[in-house]
Amino acid sequence: MIPLSWYLILAGALFCIGVYGVLARKSAIGILMSIELMVNAAIINLVAFWRYGDPNNVSGQAFAVIVYAVAAALASVGLALIISIYRRRSTVVAEDINLLKW
Amino acid sequence: MTAMQILFLGVGIAAVLSAMLVVTVRNLIHAALWLVVTLFSVAITFVLLDAGFLATVQVVLYIGAIAILIIFGIMLTRRVMMSDVGPQVNASWWLGALLSILLFATVTWVVLQMDWPSLPTTDLSMTLNELGHSLVDPDKYVLPFELASIMLIVALIGAIAIAWPGKESQ
């Protein structure tokens with residue numbers, strides 16, 4: 001039997017790697033990939049708590065399905081924004097996109 | 001150590017190592033391919049958690065759709081990043097590394113402090129039926145489910161509107 005804490009530590013590790021990627025990556029697409037890692041870590045937590053709580057109550061899995069829809073919307077809008085910025089400014093480096101920087 | 005635990009450790013180590021490669025490797029195409037490895041390892045953890053439906057959705061939706069979309073995005077913008085000189089990380093990467101290590105240490109400490117419940121031995125054969133019913137049951141999750149679908153279609157139309165070539169690019 002696998003203890004619940006193992007799943008939580010795995011999800012925490014994936015989330016923290018995603019945090020590092022968001023903070024350190026230069027490319028906007030690299031940042032988007034790190035955000036996908038963080039969303040995946042959150043879904044692992046939802047499924048693990050569903051399994052170790054009351055498995056007959058499927059709210060954890062229903063929540064995970066909705067998070068999948070959110071992740072798909074996130075990826076499509078994010079890539080559309082990056083392609084639009086690339087077309088106008090010929091860069092995908094997050095530091096160079098400073099039009100709104102105060 | 002049972003076989004399940006050894007399998008989980010292998011999958012978990014594969015997921016963490018490939019996730020580290022996703023955020024550190026220089027070539028973005030390679031990073032996207034390592035992201036596929038991570039997502040597949042997460043799908044295997046879903047199988048270990050008896051959530052076969054979500055494992056399928058993970059493979060079909062994440063690997064089949066989102067990872068491919070990201071690879072398309074890299075290829076459409078690769079001219080700048082492939083010939084890029086200098087490192088792939090910004091100047092304050094060490095601050096991000098410090099912050100994420102601190103965050104991980106805190107999360108691990110809190111998780112190990114708690115006394116978690118052990119695995120319940122319930123019959124899981126009807127879970128998928130129940131999930132399907134609950135997503136269309138007015139007393140349960142039909143409203144969030146429909147809202148999620150409306151949000152998805154709004155986001156997709158918005159993505160088309162944003163990425164549509166404007167007058168200035170013609």
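1. In chain B, buried residues make up 24% of the 170 residues, where a residue is called buried if 20 or more other C-beta atoms lie within 10 Å of its own, exposed if 12 or fewer do, and partly exposed in between, with C-beta atoms placed from the backbone. The model is a predicted one, in which local features need pLDDT of at least 70 and side-chain atom pairs count only at pLDDT 80 or more, while totals for chains, interfaces and linings use all residues. Residues are numbered from 1 along each chain as its sequence is written, and chains are lettered from A and ligands numbered from 1 in the order in which they are written.

2. The radius of gyration of chain B is 21 Å, whereas a compact globule of 170 residues would have a value near 15 Å; the radius is taken over C-alpha atoms, and the globule rule is 2.2 Å times the number of residues to the power 0.38. Along the principal axes, the C-alpha atoms of chain B fill a box of roughly 60 × 40 × 25 Å.

3. Chain B holds seven helices and zero strands, the elements being DSSP runs numbered from the N terminus, with H or I over at least four residues for helices and E over at least two for strands. Of the contacts in chain B with a separation of 6 or more, 46% are between residues 24 or more positions apart, a contact being a pair of residues whose C-beta atoms, placed from the backbone, lie within 7 Å.

4. Between the chains, 77 residues of chain B are in contact with 63 residues of chain A. On the side of chain B that touches chain A, the largest share, 12 residues, comes from H7(B). By class this side has 57 nonpolar, 18 polar and two charged residues, where Ala, Val, Leu, Ile, Met, Phe, Trp, Tyr, Cys and Pro count as nonpolar, Asp, Glu, Lys and Arg as charged, and the others, Gly among them, as polar.

5. The axes of helix H2 (residues 28–52) of chain A and helix H2 (residues 28–48) of chain B come within 11 Å and cross at roughly 5°, with axes fitted as lines to C-alpha atoms, for helices over the stretch in contact, and angles running from 0 to 180 degrees between N-to-C directions. That crossing makes H2(A) roughly parallel to H2(B), since angles under 35 degrees count as roughly parallel, over 145 as roughly antiparallel, 65 to 115 as roughly perpendicular and the rest as oblique. The residues of this contact divide into 12 nonpolar, four polar and one charged; among them are A:Met33 and A:Leu37 in H2(A), and B:Leu35 and B:Phe46 in H2(B).

6. H2(A) has 25 residues and reaches 37 Å from its first C-alpha to its last, close to the 36 Å expected, that expected span being 1.5 Å times one less than the number of residues. Because 20 of its 25 residues are buried, H2(A) is largely enclosed by the rest of the structure.

7. Some single residues are also worth checking. B:Leu61, in helix H3 of chain B, is partly exposed with 19 C-beta neighbours inside 10 Å, and, leaving aside its neighbours within four places in sequence, B:Leu61 is in contact with A:Tyr68, A:Ala72 and B:Ile66. B:Asp50, in the loop between H2 and H3 of chain B, has phi near 60°, a positive value in a residue other than glycine.

Terms used: Two residues are in contact if their C-beta atoms, placed from the backbone, lie within 7 Å.
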